[in-house]
Amino acid sequence: MPFAELMGVEIVEATKTRVVGKLTVREDLCTGGHILHGGAYMAFADTLGAIAGFLNLAPGAGTTTLESKTNFIGGAKEGATLVATATPIHRGRRTQVWQTRITTDAGKLVAVVTQSQMVL
């Protein structure tokens, strides 16, 4: 995934029921005050949800994000390492719904993202 690579997303674990990734908050991913940009949180979570969706597809099928909702809980400062875990809420034939919790490496919750993936 070229965009995920550009962001610096590292996949730590990838199974049908759980995808875990890490992201270091860099200056070029930040907004004012050296805080991670909201779009970076969303792209990080979307990457994990897309991988999770893909791992649950039948052979020859594809997936795309239908909807994504982000609850921003706290900020992540430049230099922090974030850990995100995507787990399934629903894995159906036509859609999948994944929830990704993003925390600092110290365990502080900073965002919760719920996304729907369409099976193509």
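**View 1. Strands β1 and β2 side by side in the predicted model.** Here β1, residues 10-15, lines up with β2, residues 18-24, and the two pair in the antiparallel sense through five bridges. Look for the hairpin: β1 and β2 form it with two residues between them. Which residue of β2 is the bridge partner of A14? That's V19. Further along the pair, I11 stands opposite G21 of β2.

**View 2. The other neighbour of β2 is strand β6.** Now follow β2 over to β6, which covers residues 81-91. These two strands run antiparallel as well, and six bridges join them. G21 turns up again in this view, and in β6 it stands opposite A84.

**View 3. The whole open sheet, strand by strand.** Six strands make up this sheet, in the order β1-β2-β6-β7-β8-β5, with antiparallel pairing. Which strands stand at the edges? Those are β1 and β5 (63-72); each has a single partner strand, so one side of each is left without a neighbour in the sheet. How are neighbouring strands turned against each other? On average the angle is 20 degrees, ignoring direction.

Technical notes:
Residues numbered from 1 in each chain as written. Predicted model: local features only at pLDDT ≥ 70, side-chain atom pairs only at ≥ 80, totals over all residues. Heavy atoms only, no water. Pairing = 2+ DSSP bridges. Helix = DSSP H or I, 4+ residues; strand = E, 2+ residues; numbered from the N terminus. Axes fitted to C-alpha atoms, helices over the stretch in contact; angles between N-to-C directions.
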